[in-house]
Amino acid sequence: MATIRFEDLGKPIQKLLLGLKSGYTDEDMNLMAYIHVRDMVKVFDDLNSQKAAEKIWKELKKELIKRQEEEKAAEQQDDQALQTTAEQIRAKEEQILAEKQADEEAELKRQKKREKKRKKAEEAAAAAALAEAEAEAEAEAAAEVEAEAIAAAGAAEEAEKQTEKERLKEERRIARQKKRDEKEAALRAEEERLREEEAAEEVRLQEEKAARKAERKRLKEEAARLRQDEEEIRQRREQAKAIKAAKPKTNLREQWDEHVKNHPLEFADDDGETHIVQEKIQISSKKPPSHFLKVKAVAVPSVVEEEETAFYTCDIHLHSGKVTSVRRRYNQFYEMRSSLGGTLDALDVQFPGKTLWKVKGPALDKRRLELEMWVNDVINKLSTTRSYAGVQLDAKQQLRGDAARAEAEKQRMRQAAIARAAVHNFCGIDDKEQ
């Protein structure tokens, strides 16, 4: 179902559609949402030049489809950006969770390792104590056996054997003590080595833990930034929808009627008649100036930000060969645009519109290039398309055309003079100086 009614179209578009041999479809009517006033002006001129309706519609339809595709591409780009951002956020959150789980698993492994080492050390100490007790028991048993042997021997040898017994006993005690001392020294050395290993392992683990903590913090910050980007995209889309919804609903017919009202005598009424009042025409013998504008071109080589305000450096190239430089803000470009009136309809380069957010970085440099192209398009149109406001008469020429056309030329002269003053004022040129 078409979203625009036929009766809401501008008269040139209505006439074009009615002139199509193959007719038009609901899909064609949907494309009318992308019609501009300048399109209706072009259709009006093409129809008056007897250009075939099918050819006019083919060219217009191609441009409307292009605009429709550009709008869809922009929406798809936003959707893709939202999807990509959401996927990146999910990936970051999964990575943060994996890092946290890895930390918990590593801590559990460290605890098990420490517990295993502690049990091993306790078992080693218990084994050493048991071995020592067994050695002492064996020594006592040997001593008892020896005592029994001495008791069985004669009394004469008892004193000597008792002495030998005491000596052997002392030697065994000294050997046992030496063995105990060696074992204790080995145990102490092993314990010291284990403590050093544990300390080194703890330092390494703490460093790894700090590094993982820093990585998790970085991932969280990236996820927060991505969520902020996602929210900004959503807000921008919502604001654009709100602005579009808040715009007054002016249909194409009303736009066309307003344009015709602002350009009297250039467009005939529906009946093809124009009401003319004959006036005396002043013919001037003064030669027009060699250049309607004093400005030949404007270069915008750079843009700088000072206290949250962007200033564009504009190099003004005059026809005299002189080059001056001025600094202008975006609003000054916009003010000049507002003073151009109907001249805007002839421009090929679109003015870079205002945005809902502050322009920075690469976007600011892109705006600089767009402003440079736009202001040079203005200069080119005023300098070539309507040289000296489109009027070049002298005393030897006879006035051609009707009074209506002459009145239209006078209006264009006034409009061009206002546009000329706006350009010169923007460029810092005194419009009164010759």
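The following legends describe close-up views of a predicted model.

Figure 1. Residues are numbered from 1 along each chain as its sequence is written, and side-chain values use heavy atoms, with hydrogens and water left out. The protein chain contains nine helices and three strands. Helices (H or I, at least four residues) and strands (E, at least two) are DSSP runs, numbered from the N terminus. Of the 434 residues, 26% count as buried; buried means under 20% relative accessible area, exposed means over 50%, and partly exposed lies in between, for a 1.4 Å probe and protein chains only. Among contacts in the chain with a separation of 6 or more, 68% join residues 24 or more positions apart, where contact means heavy atoms within 4.5 Å.

**Figure 2. The packing of helix 1 and helix 3.** Helix 1 (residues 11–18) packs against helix 3 at an angle of about 55°, and the two axes are 8 Å apart. Because of this angle, helix 1 is oblique to helix 3. Axes are lines fitted to C-alpha atoms, for helices over the stretch in contact, and angles run from 0 to 180 degrees between N-to-C directions. Angles under 35 degrees count as roughly parallel, over 145 as roughly antiparallel, 65 to 115 as roughly perpendicular and the rest as oblique. Helix 1 passes helix 3 in a left-handed crossing; a crossing is left-handed if the near helix is turned anticlockwise from the far one by less than a right angle, and right-handed if clockwise. On the side of helix 1, the contact involves P12, I13, K15 and L16, which meet M40, V43, F44 and L47 of helix 3. These contact residues divide into seven nonpolar, no polar and one charged. Here Ala, Val, Leu, Ile, Met, Phe, Trp, Tyr, Cys and Pro count as nonpolar, Asp, Glu, Lys and Arg as charged, and the others, Gly among them, as polar.

**Figure 3. R67 and its partners.** R67 belongs to helix 4 and counts as buried, at 13% relative accessibility. Its side chain makes a polar contact with the side chain of D39, at 2.5 Å. A polar contact is a pair of N or O atoms within 3.5 Å; within protein, one must be able to donate a hydrogen and the other to accept it, and residues adjacent in sequence count only if both atoms are side-chain atoms. When neighbours within four places in sequence are left aside, R67 is in contact with Y34, I35, H36, R38 and D39.

**Figure 4. T85 in helix 4.** T85 is buried, with a relative accessible area of 8%. The side chain of T85 reaches the backbone oxygen of A81 at 2.7 Å. Not counting residues up to four places away in sequence, T85 touches L226 and E230. The C-alpha atoms of T85 and A223 are separated by 9.2 Å, although the two residues are 138 residues apart along the chain.

**Figure 5. L340 and D345 in the loop between helix 7 and helix 8.** This loop joins helix 7 (330–338) to helix 8 (361–385). L340 is buried, with a relative accessible area of 1%, whereas D345 is partly exposed at 36%. Beyond residues up to four places away in sequence, L340 touches W374, V378, Q415 and A419. L340 and V378 are 38 residues apart in sequence, and their C-alpha atoms are 8.9 Å apart in space. For D345 and V37, 308 residues apart along the chain, the C-alpha separation is 8.3 Å.

**Figure 6. Positive phi values at Q50 and E308.** Most residues other than glycine have a negative phi. Q50 has a phi near 65°, a positive value, and lies in the loop between helix 3 (37–48) and helix 4 (53–152). Q50 is exposed, with a relative accessible area of 68%. E308 also has a positive phi, near 65°, and is found in the loop between strand 1 (295–306) and strand 2 (309–318). E308 counts as exposed, at 60% relative accessibility.

Note on methods
Predicted model: local features only at pLDDT ≥ 70, side-chain atom pairs only at ≥ 80, totals over all residues.
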